[in-house]
2 protein chains.
Amino acid sequence: MDNFTVYKEKIDRFLAQKSYGDFPEDLYQPIAYTLSLGGKRLRPVLALAACDLFGGDINRALPAAAGLEIFHNFTLLHDDIMDQAPQRRGKTSVYKKWNANIAILSGDTMFALAYRYFLSGNYQNLQTILSTFTDTAVEVCEGQQYDMDFENRVDVTISEYLKMIRLKTAVLLGASLKIGAAVAGANARQADLLYQFGVDAGLAFQLKDDWLDAFGDEDKFGKSIGGDIVANKKTYLYLKCLEKASPSDRDVLLRLYSPEAPEEREKIKRVTALYGKYDIQNETIREMEYFFNRALHFLDMVKAFKDRKDELARFAAWLYRRDH
Amino acid sequence: MDNFTVYKEKIDRFLAQKSYGDFPEDLYQPIAYTLSLGGKRLRPVLALAACDLFGGDINRALPAAAGLEIFHNFTLLHDDIMDQAPQRRGKTSVYKKWNANIAILSGDTMFALAYRYFLSGNYQNLQTILSTFTDTAVEVCEGQQYDMDFENRVDVTISEYLKMIRLKTAVLLGASLKIGAAVAGANARQADLLYQFGVDAGLAFQLKDDWLDAFGDEDKFGKSIGGDIVANKKTYLYLKCLEKASPSDRDVLLRLYSPEAPEEREKIKRVTALYGKYDIQNETIREMEYFFNRALHFLDMVKAFKDRKDELARFAAWLYRRDH
């Protein structure tokens, strides 16, 4: 069993043994429900890995790791209201299972509980740890707002898109590593390098998500191909295609992402045909490879035992190379 | 100019000189809007007063005081979505002026910004200060959930109601004082006494609010009498009347708080007539006097300069004796 399996099991056990609260039930049942839905526990795993990398006691990092996971689940809970998403991790989302008011309020409570977990760690460098967490939380909200803004804009640029996914997704992965490093007492320079690694790897992961939605293998991917296209999501693929396409193809693509679009299957077929014509598959691969390699470069600069760094690099590669 | 006027001006200036953030605009404009609507700034004023009481530097308490005010405004912002309240402090509420998604997300951001303010204070005893704040934030959410639960229940007891207003309103007033005391370096026993003072005074203030809604002078009150009755709010007055009324009057009151109720003015008239019949006005005065006197008793036990304690007691009395 490798270390990353151990980290995840430790986190699952830590989260399962905690009671988040009992009454009022309509507040705490949605919280327990949300945290029982599982998932990769990526953020807390990264926090423990970073703590381990610098020779820290990973048990000391568990409260902060749990805080990161609870925060992440809070953002999903509120995102599901805003996106009117009826499902989360294959189950009914909280706002559908209960209602929007309960989802707002149990989400707010989870945000406070995240801080409570951080505080329960009795960290010497609490100021540093919570400043990283708090600044990141603000950025995640900014990212979600940009994402919503983009739905109503036709002039989104690739650099704006990269900024949005950096804020919405990547910085929390970086912060998870940085916080784990801080718990282990790593100095600021080392923690920052690890942060950069996490942010760049996070960008690569998100681009991979975009890529899989259009070019993934449906059987392995587990959901239908083209979901982003059907939802008119302005992904990297779509924006790159707009950038590269001839003026007339650009108009075609814009029309495919408008109320004039044909039915779903036809729409997916035509959009992916344009992606093919302009080599968007390889353009995207080049971009994600760029971020992934830059991530590894930052990791390489970290002063820590080589075998531990290699293990973290392998874990990142495993996430990045995944085909589902 | 008394000290409390100085506190409020300091806070207004501190809040006005800060930029909460610029982009995305749809995230930060609602935040600036909310914080510009003013209000009594009661929580931060109490924090500065408590800091002053123990001889602390009130400028050092400003970041924490601002954090408390931002948190309070965040809860109002989300409450307005949940209650579908179109107005706040006489202006259009954020969810009406923008939309519910923006109100959810800018509220979330304000919660994070509240922590950022606390962290910017560089407090020696950050752990103590943030634990008080975080535990209180969880309680405020619990209080709001109980308040929503009560709307759908007919068997709410007075002790449940008192617990609800304690959580939703009173504990944050207590925590504001406790945090101000902690900034000044007061010991835990002194800070706790001040907390108890704030909680009991908060209960008295809230009962006074209930009382004013039914027995206030419409000209001074600034809003129409009977708003709680029209909204079927299960206030202390209503619950006390249910408790004291004869079985037949109890049925009448229950029917007045049901879809079978007559039109507004008639409904208010009949409910207040029942309050009169069962001396609810004086029952409520007795209850609020009990809490207010207990509050003063806790304040009396605090070890601090008598003139400063007297000033705080006068401020509390001014709030409590208000007729609007």
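Helix 8 of chain B (residues 158-183) is followed by B:Gly185, whose phi is positive, near 85 degrees; helices here are DSSP runs of H or I with at least four residues, strands are runs of E with at least two, and both are numbered from the N terminus. The model is a predicted one, in which local features need pLDDT of at least 70 and side-chain atom pairs count only at pLDDT 80 or more, whereas totals for chains, interfaces and linings use all residues. Residues are numbered from 1 along each chain as its sequence is written, while chains are lettered from A and ligands numbered from 1 in the order in which they are written.

The 26 residues of helix 8 of chain B should span 38 Å at 1.5 Å a residue, and the 36 Å between its end C-alpha atoms agrees with this, the expected span being 1.5 Å times one less than the number of residues. A bend of about 45 degrees occurs in helix 8 of chain B at B:Leu167, where the bend is the angle between axes fitted to the seven residues ending at a residue and the seven starting there. Helix 8 of chain B is mostly covered, with 20 of its 26 residues buried; a residue is buried if 20 or more other C-beta atoms, placed from the backbone, lie within 10 Å of its own, exposed if 12 or fewer do, and partly exposed in between.

In the largest nonpolar core, which has 202 residues, A:Ala47 and B:Ala47 touch the most other members; such a core is a set of buried Ala, Val, Leu, Ile, Met, Phe, Trp, Tyr and Cys residues joined through C-beta atoms within 7 Å. When neighbours within four places in sequence are left aside, the contacts of B:Ala47 include B:Ala61, B:Leu68, B:Ser176 and B:Gly180, two residues being in contact if their C-beta atoms, placed from the backbone, lie within 7 Å.

Between the chains, 31 residues of chain A are in contact with 31 residues of chain B. On the side of chain A that touches chain B, two or more residues each come from helix 2 (25-36), helix 4 (58-82), helix 6 (100-120) and helix 7 (126-151), and the largest share, 14 residues, is given by helix 7 of chain A. By class, this side of chain A has 18 nonpolar, 8 polar and 5 charged residues, with Ala, Val, Leu, Ile, Met, Phe, Trp, Tyr, Cys and Pro counted as nonpolar, Asp, Glu, Lys and Arg as charged, and the others, Gly among them, as polar.

Most residues other than glycine have a negative phi, and most peptide bonds are trans. A cis peptide bond, with omega about 0 degrees, joins A:Phe23 and A:Pro24, and A:Pro24 lies in the loop between helix 1 (3-17) and helix 2 of chain A. A:Asp279, although not a glycine, has a positive phi of about 55 degrees and is partly exposed, with 14 other C-beta atoms within 10 Å.
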